[in-house]
Amino acid sequence: MTVRTDDLPDSLAEVVEEFAEMSPRERLQLLLEYADELPDLPEHLAGQHAAMEQVHECQTPLFLTVELDPDAAVHLYFDAPREAPTTRGFAGVLRAGLDGLPADAVAAVPDDAPMRLGLAEAVSPLRLRGMVAMLARIKRQVRERRS
């Protein structure tokens with residue numbers, strides 16, 4: 001699968017390219033690996049869903065928040081049940097591709113970036129909409145925290 005990555009930050013481009021090199025079945029397995037790699041919330045956010053934003057477009061409860069460090073680097077935190085591996089996988093992909101980047105780079109990520117993973121053959125459009133919504137929330141929170 002050929003996919004455009006020249007308009008993505010390097011870390012996200014690497015993730016997209018990794019998915020592009022695989023068959024649809026392998027992509028789903030890779031997504032599950034990203035789900036397993038999603039870290040638990042840090043202590044200051046554990047059990048604090050009120051301090052996070054729920055992404056209602058996701059089929060299972062997913063909460064996220066963005067923090068900016070003093071250098072304006074983005075730090076992403078997600079909470080999704082372990083019984084929801086697809087949702088956790090989407091969160092893991094976004095964390096792997098965006099965490100630690102400058103706020104401007106995250107805000108500039110194209111809205112269609114999740115569609116470039118080639119998962120349309122492996123997961124439902126409704127699930128993909130959840131990942132697109134996660135990215136939209138992340139970008140909005142980045143913009144809000146920069147101002």
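Contact here means heavy atoms within 4.5 Å. The views below show a predicted model.

**View 1. Helices α1 and α2 meet through residues of both helices.** On the side of α1, the residues in contact are Val15, Glu18, Phe19 and Ala20, and their partners in α2 are Arg27, Leu30, Leu31 and Tyr34. This contact comprises six nonpolar residues, no polar ones and two charged ones. Helix α1 spans residues 10-20, and its axis lies 9 Å from that of α2, at an angle of about 140°. Angles over 145 degrees would count as roughly antiparallel; α1 and α2 are therefore oblique to each other.

**View 2. Helices α2 and α3 pack with their axes 7 Å apart.** Helix α2 covers residues 24-37 and helix α3 covers residues 85-98, and the angle between them is about 75°. Since angles of 65 to 115 degrees count as roughly perpendicular, α2 and α3 are described as roughly perpendicular to each other. From α2, the contact involves Leu31, Leu32, Tyr34 and Ala35. From α3, the contact involves Pro85, Thr86, Arg88, Gly89, Phe90, Gly92, Val93 and Ala96. Eight of these contact residues are nonpolar, three are polar and one is charged.

**View 3. Helix α3 is largely enclosed by the rest of the structure.** Buried means under 20% relative accessible area, and eleven of the 14 residues of α3 are buried, so the helix is largely enclosed. Those buried residues are Thr86, Thr87, Arg88, Gly89, Phe90, Ala91, Gly92, Val93, Leu94, Gly97 and Leu98. They pack against α1, α2, β3 (74-79), α4 (103-107) and α5 (125-146). From its first C-alpha to its last, α3 reaches 19 Å, close to the 20 Å expected at 1.5 Å a residue. Just after α3, glycine 100 takes a positive phi of about 90°.

**View 4. Arginine 116 lies in the loop between α4 and α5.** The relative accessibility of arginine 116 is 9%, so this residue counts as buried. The side chain of arginine 116 reaches the backbone oxygen of arginine 4 at 3.0 Å. Apart from neighbours within four places in sequence, arginine 116 is in contact with Met1, Val3, Arg4, Thr5, Asp7, Leu8, Val16 and Pro110.

Methods:
Residues are numbered from 1 along each chain as its sequence is written. This is a predicted model: local features need pLDDT of at least 70, side-chain atom pairs count only at pLDDT 80 or more; totals for chains, interfaces and linings use all residues. Side-chain values use heavy atoms; hydrogens and water are left out. Axes are lines fitted to C-alpha atoms, for helices over the stretch in contact, and angles run from 0 to 180 degrees between N-to-C directions. Helices (H or I, at least four residues) and strands (E, at least two) are DSSP runs, numbered from the N terminus. Angles under 35 degrees count as roughly parallel, over 145 as roughly antiparallel, 65 to 115 as roughly perpendicular and the rest as oblique. Ala, Val, Leu, Ile, Met, Phe, Trp, Tyr, Cys and Pro count as nonpolar, Asp, Glu, Lys and Arg as charged, and the others, Gly among them, as polar. The expected span of a helix is 1.5 Å times one less than its number of residues. Buried means under 20% relative accessible area, exposed over 50%, partly exposed in between (1.4 Å probe, protein chains only). A polar contact is a pair of N or O atoms within 3.5 Å; within protein, one must be able to donate a hydrogen and the other to accept it, and residues adjacent in sequence count only if both atoms are side-chain atoms.
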